[in-house]
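Subject: Structure handover

Hello,

The structure is below, with its sequence. My notes on it follow; please read them alongside the coordinates.

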Amino acid sequence: MSDRKKTTPLEILESKKRVNVCAPMVRYSKLPFRELVRKYNTDIVYTPMILADVFKNSEFARSSDFSTNYQDDPVVVQFAANKGADLADAAELVSPYAGGIDINCGCPQKWAYQEKIGAYLMQDPENVRDMIRTVKGRVNIPCSIKIRVHDNLQTTYEFVKRAEAVGVDFLTVHGRTRLQKNTEPVNFEGIKLVKESINVPVIANGSIFSLKDADEMYEKTGVDGVMSARGMLQNPALFAGHETTPWECIEEYVRLALGYGTNSFIFHHHLMFMFEDVMSNAERKTFNTLSSIPAILDHLEEHWGFDSSKE
Ligand SMILES: Cc1cc2nc3c(=O)[nH]c(=O)nc-3n(C[C@H](O)[C@H](O)[C@H](O)COP(=O)(O)O)c2cc1C
């Protein structure tokens, strides 16, 4: 792919009200899924989190962690890093093909915390500030951060003010702390505080499963966009107003995934998520036991009328 200029997320955030965003999701927000959600009114899509140091050092990681094409636009490449130099090296490698670079400050997993990446960074604002500064000095595309709220919202206020002061271009805030489960309520007050404290665009994240949830988020926080993760896995068409995944969307996913190539585990998982509200319990039980792509396709042909000969 040549370095044809990609749309930046900032251009979208500055030109459109209520921007629909698909979250970074390890294993899942890969090229076929990104293309799928774009067909259903999603404006900006993130790659899964990529480890910046591994990416810059390993040819294998570079070919397996990030693939893109002209239609994959605008795409934000999300990195996990704790050193400005690693982040900037990795960002430089993807910058001809990306609309923006995002720093993951929200991953709550224990291994990430021990590596001092992800949500660990919420207690290390100086490092985040240095990384933003370094990456902005090296690449000419927007740099954003994806953060969580703190127990004490004053700390969140100070954190985002610092990021803004070194030129972060926009940010996403997940309205939960590192230790909160995804089932716990979203802290609308924390998200609103972030939006009101800084002058760059703010995207809100946390339990957006429908357009109604998105409306509630806009009304309660005044943000510029909303980001969904689990909602998009269950229903990639949610931003187009579908309450459950339409069959055409499932068919489209199968064609995209097979066209681009996928592993059977991820393929099966995506379909299990999409079928969650569509299949009966009994149907789901059978579907969940399928383990190979041919077995899944046979099942779709037999029970759902999927036509694998159709382009
Ligand atoms: C399967 C899965 C993978 C995720 N991977 C990432 C990731 O790579 N980077 C990231 O910042 N957050 C990741 N997250 C967190 C989501 O982006 C999001 O912040 C969180 O799920 C809350 O949003 P939701 O309530 O819409 O699910 C992941 C979440 C899920 C469910």
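The buried residues of helix α5 are covered by elements that include α3 (52–57), β4 (75–80), β5 (100–104) and α7 (125–138). Helix α5 itself spans residues 84–94, and its buried residues are G84, D86, L87, A88, A90, A91 and V94.

Note that this is a predicted model. The chain has a mean pLDDT of 96, with 98% of its residues at 70 or more. For the complex, the predictor reports an ipTM of 0.99 and a pTM of 0.97.

A229 sits in the loop between β9 (225–228) and α11 (230–234). A229 counts as buried because it has 21 C-beta neighbours inside 10 Å, and the cut-off for buried is 20 or more. Apart from neighbours within four places in sequence, its contacts are A23 and M25. R230 belongs to helix α11. With 14 other C-beta atoms within 10 Å, R230 is partly exposed.

The UniProt record, an unreviewed entry, carries a "binding site" annotation that covers P24, M25, V26, Q78, K146, H174, A229 and R230.

Regards

Methods. Residues numbered from 1 in each chain as written. Predicted model: local features only at pLDDT ≥ 70, side-chain atom pairs only at ≥ 80, totals over all residues. pLDDT = per-residue confidence, 0-100. Buried ≥ 20, exposed ≤ 12 C-beta atoms within 10 Å, placed from the backbone. Helix = DSSP H or I, 4+ residues; strand = E, 2+ residues; numbered from the N terminus. Contact = placed C-beta atoms within 7 Å. UniProt positions renumbered as here; feature names shortened; annotations may be inferred.
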